[in-house]
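Visitor: I am new to this one. Please show me the structure, and I will ask how you know what you say about it.

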Amino acid sequence: MTRKVLNVLKGETVFPPPIWMMRQAGRYLPEYRQTRQHAGSFLDLCYNPELATEVTLQPIRRYGFDAAILFSDILVIPHVLGRDLRFEEGRGPLMTPVTVDEIKDLDITGKAAKLSAVYETVSRLRQQLPDETTLLGFCGAPWTVATYMIAGHGTPDQAPARLFAYQHRDVFIKLLTDLADISAEYLIEQLNCGADAVQIFDSWSGVLDEDCFEDFCIKPVARIIKKVRDVHPDAVIIGFPKGAGMLYRDYRAKTGVNALGLDWSVPLTFAQELQSQGAVQGNLDPLRVVSGGKALDEGVDVILEKLGQGPLIFNLGHGITPQAPLENVAQMVNRIRQAGA
């Protein structure tokens, strides 16, 4: 049995590289839209092991991706901490902004156990996936999850969370620490249930200055990884600090991640430098998949040319968008897999 994605995460070079896509179980798939409608709300889908397993398997059946990533959401963590999370069409996730006093009183004890439905989904997936398919679990990084808890919704530059952190630094650090600890428990249980590796999504790391990046992104993620490896010493972990720019350079060494997920803005010359230290994942612009044609082929080819001689997992530089045509995804997959022919 060979799980190519797992092997690359451990430092092996495979060509053509294995491939999966962030948000590969999503609205661009007609079968996902049908299952989503049947589920009711988005959260109902996340917490229904049968349906969450089904949507995770859909892109594997259609495209044969080399990894499946658990279908869930990074905000299930604040939800089990008692936040009134809801998803509204066209507005995304919404919740009542958390207050200083609520953070001071926050108690994470036993809360990760409430995500039993997610753990059941992981177990079902490991049983139903092809043996060669790597199963990825995930969580949101504390900084990114905290931004939604403080603002109550997504914002263009996470100004509410940045301002809160400046004005209430000690309280904010407590929130990040609590989120790191419950996220570690969450990942440990995903690994217990059969995940081969896990990814930590820090979707909003790019809005921080250097000092805040160190304190709000690096340190909480390092805390998660230490706690996970106290239980699973060989845990394989991908870090995705989207938009980190030059701060990607020390992220692997300071956090302990095995692999770096790269967003599409990372220059491939810089990506080569990062790859010299271990596996990288990425970093095609998702809009090239929407465009298709020559723009897609050229985007694929240059990544394979620049990064194909080292440990690479081919992925997008962020999640696939709902308007991506099915045939363009097939074009991308075929272009990559025929590169070794």
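Visitor: What makes you say which residues Asp 178 is in contact with?

Guide: This is a predicted model, and contact here means heavy atoms within 4.5 Å. Leaving aside neighbours within four places in sequence, Asp 178 has such contacts with Leu 106 and Ile 108. Asp 178 itself sits in helix H10, residues 169–192.

Visitor: Why does Asp 178 count as buried?

Guide: Buried means under 20% relative accessible area. Asp 178 has 12%, so it counts as buried.

Visitor: How do you know whether Gln 158 is buried or exposed?

Guide: Take the same cut-off, under 20% for buried. Gln 158 comes out at 0%, so it is buried. Its place is the loop between helix H8 (142–151) and helix H9 (159–167).

Visitor: What is the phi of Gln 158?

Guide: It is near 55 degrees, a positive value in a residue other than glycine. Most residues other than glycine have a negative phi.

Visitor: Where does Arg 23 lie, and why is Arg 23 called exposed?

Guide: Arg 23 lies in the loop between H1 and H2. Exposed means over 50%. Arg 23 has a relative accessible area of 53%, so it is exposed. Phi of Arg 23 is positive too, near 60 degrees.

Visitor: What makes the peptide bond from Phe 15 to Pro 16 cis?

Guide: The bond from Phe 15 to Pro 16 has omega near -5 degrees and is cis. Pro 16 lies in the loop between helix H1 (4–9) and helix H2 (30–39). Another cis bond runs from Gly 282 to Asn 283, with omega near -15 degrees. Asn 283 is in strand S8, residues 280–284. Most peptide bonds are trans.

Visitor: Which residues is Lys 306 in contact with, beyond its neighbours within four places in sequence?

Guide: Leu 268, Gln 272 and Gln 275. The C-alpha atoms of Lys 306 and Thr 269 are separated by 7.6 Å, and these two residues are 37 residues apart along the chain.

Visitor: Which residues form the negative surface patch?

Guide: Asp 209, Glu 210, Asp 211 and Asp 250. Patch residues need over 30% relative accessible area. At 41%, Asp 250 counts as partly exposed. Asp 250 is in the loop between strand S6 (237–241) and helix H12 (251–255).

Note on methods. Residues numbered from 1 in each chain as written. Predicted model: local features only at pLDDT ≥ 70, side-chain atom pairs only at ≥ 80, totals over all residues. Heavy atoms only, no water. Helix = DSSP H or I, 4+ residues; strand = E, 2+ residues; numbered from the N terminus. Buried < 20%, exposed > 50% of the residue type's maximum accessible area, 1.4 Å probe, protein only. Patch = residues over 30% accessible without salt bridge, like charges linked within 9 Å, V, L, I, M, F, W, Y side chains within 5 Å. Areas by Shrake-Rupley, 256 points an atom, 1.4 Å probe, with all protein chains shown as cover. Salt bridge = Lys/Arg side-chain N within 4 Å of Asp/Glu carboxyl O. Lys, Arg positive; Asp, Glu negative; His and termini not counted. Charge placed at Lys NZ, Arg CZ, Asp CG, Glu CD.
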